[in-house]
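Subject: Structure handover

Hello,

Here is the structure I said I would pass on. My notes on what turned up follow below it.

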Amino acid sequence: MDADILTWIFLGGGFLLMLLEMALPGGVALFLGFSGITVGILRFLGLLSSTGSSLAVWLTLSVVLTIAIRPFIKKYLKPESYFKFADEDYEAMDQVVDVIEEINEENNSGRIRLNGISWRAKSLDGTIKAGEKVRIQYRENTTWIVEALGVKEPSKEQLKNRNKN
């Protein structure tokens with residue numbers, strides 16, 4: 001292989017690997033690319049002439065950079081990260097949401113808005129009018145079980161018990 005072509009392959013490949021690092025961050029492609037550009041420059045300056053020595057310098061430099069420098073970069077240049085529970089029910093518990101359709105304790109005909117989505121809801125006790133705020137307690141299948149925050153309208157059973165007393 002012609003020496004000039006091999007020099008351009010190292011330079012171009014190194015540059016391409018460094019660009020690839022932007023798409024697939026992790027540090028390894030960056031070090032492989034930096035090593036390729038370094039070998040290309042050394043070949044251009046005439047310090048490396050054979051293909052075997054060029055590959056040996058590239059491989060050695062890549063391994064040394066990856067092992068020696070990558071831990072420091074990962075320690076001091078931390079990527080943005082955040083923590084999120086994978087359990088939707090756990091995240092939703094105790095959230096205060098709006099009632100968009102009247103909720104009662106007899107059936108799942110009521111609806112709440114949670115994270116911009118309308119969900120079926122059932123009350124723990126009594127009827128809750130649309131527009132009021134409720135606190136999510138738990139979920140049964142696709143129905144959220146909620147409790148009112150404000151004054152509760154008594155259920156039919158509670159009214160019957162009150163009239164008996």
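Predicted model: local features only at pLDDT ≥ 70, side-chain atom pairs only at ≥ 80, totals over all residues.

Which residue stands opposite T143 in strand 5? E140 does.

Residues are numbered from 1 along each chain as its sequence is written, and side-chain values use heavy atoms, with hydrogens and water left out.

Overall view

The protein chain has 5 helices and 5 strands. Both are DSSP runs numbered from the N terminus: helices are H or I with at least four residues, strands are E with at least two. Along the sequence, the elements of the protein chain come in the pattern α-α-α-α-β-β-β-β-β-α.

Of the 165 residues in the protein chain, 24% are buried. Buried means under 20% relative accessible area, exposed means over 50%, and partly exposed is in between (1.4 Å probe, protein chains only). The accessible surface of the protein chain comes to about 11400 Å², by the Shrake-Rupley method with a 1.4 Å probe. Carbon and sulfur atoms hold 61% of that surface. Among contacts (heavy atoms within 4.5 Å) in the protein chain with a separation of 6 or more, 41% are between residues 24 or more positions apart.

The barrel

The 5 strands close into a barrel in the order 1-2-3-5-4, with mixed pairing. From one strand to the next, the twist averages 55°. For that angle, axes are lines fitted to C-alpha atoms, and angles run from 0 to 180 degrees between N-to-C directions. Two strands pair if DSSP finds at least two bridges between them.

The pairings are as follows.

- Strand 1 (residues 96-101) runs antiparallel to strand 2 and is joined to strand 2 by 3 bridges; E101 stands opposite R111 in strand 2.
- Strand 2 (residues 110-114) and strand 3 (residues 117-123) run antiparallel, with 5 bridges between them; L114 has I117 in strand 3 as its bridge partner.
- Strand 3 pairs with strand 5 (residues 143-148) in the parallel sense over 4 bridges; A121 stands opposite W144 in strand 5.
- Strand 4 (residues 133-140) pairs with strand 5 in the antiparallel sense over 6 bridges.

Two of these pairings are hairpins. Strand 2 and strand 3 have 2 residues between them, and N115 in that turn has a positive phi of about 55°. Strand 4 and strand 5 also have 2 residues between them, and N141 in the turn has a positive phi of about 55°.

Strand 5 and its tryptophan

Strand 5 is mostly covered, with 5 of its 6 residues buried. W144 has a relative accessible area of 2%, so W144 counts as buried.

The structure holds 1 aromatic pair. Why is the pair of W119 and W144 edge-to-face? Their ring centres are 6.0 Å apart and their planes are at 80°, so the pair falls in that class. Rings of Phe, Tyr and Trp (its six-membered ring) pair if their centres lie within 6.5 Å; planes under 30 degrees apart count as stacked, over 60 as edge-to-face and the rest as tilted. The pair links distant parts of the chain, with W119 in strand 3 and W144 in strand 5, 25 residues apart.

K122

K122 lies in strand 3. Its relative accessibility is 23%, so K122 counts as partly exposed. K122 and N107 are 15 residues apart in sequence and 6.5 Å apart in space, C-alpha to C-alpha.

Helix 2

Helix 2 (residues 28-44) has 17 residues and reaches 24 Å from its first C-alpha to its last, close to the 24 Å expected at 1.5 Å a residue. The expected span is 1.5 Å times one less than the number of residues. In helix 2, the residues A29, F31, G33, S35, G36, V39, G40 and R43 are buried. The buried residues of helix 2 pack against helix 1 (3-23) and helix 3 (51-76). After helix 2 comes G46, with a positive phi near 85°.

Regards
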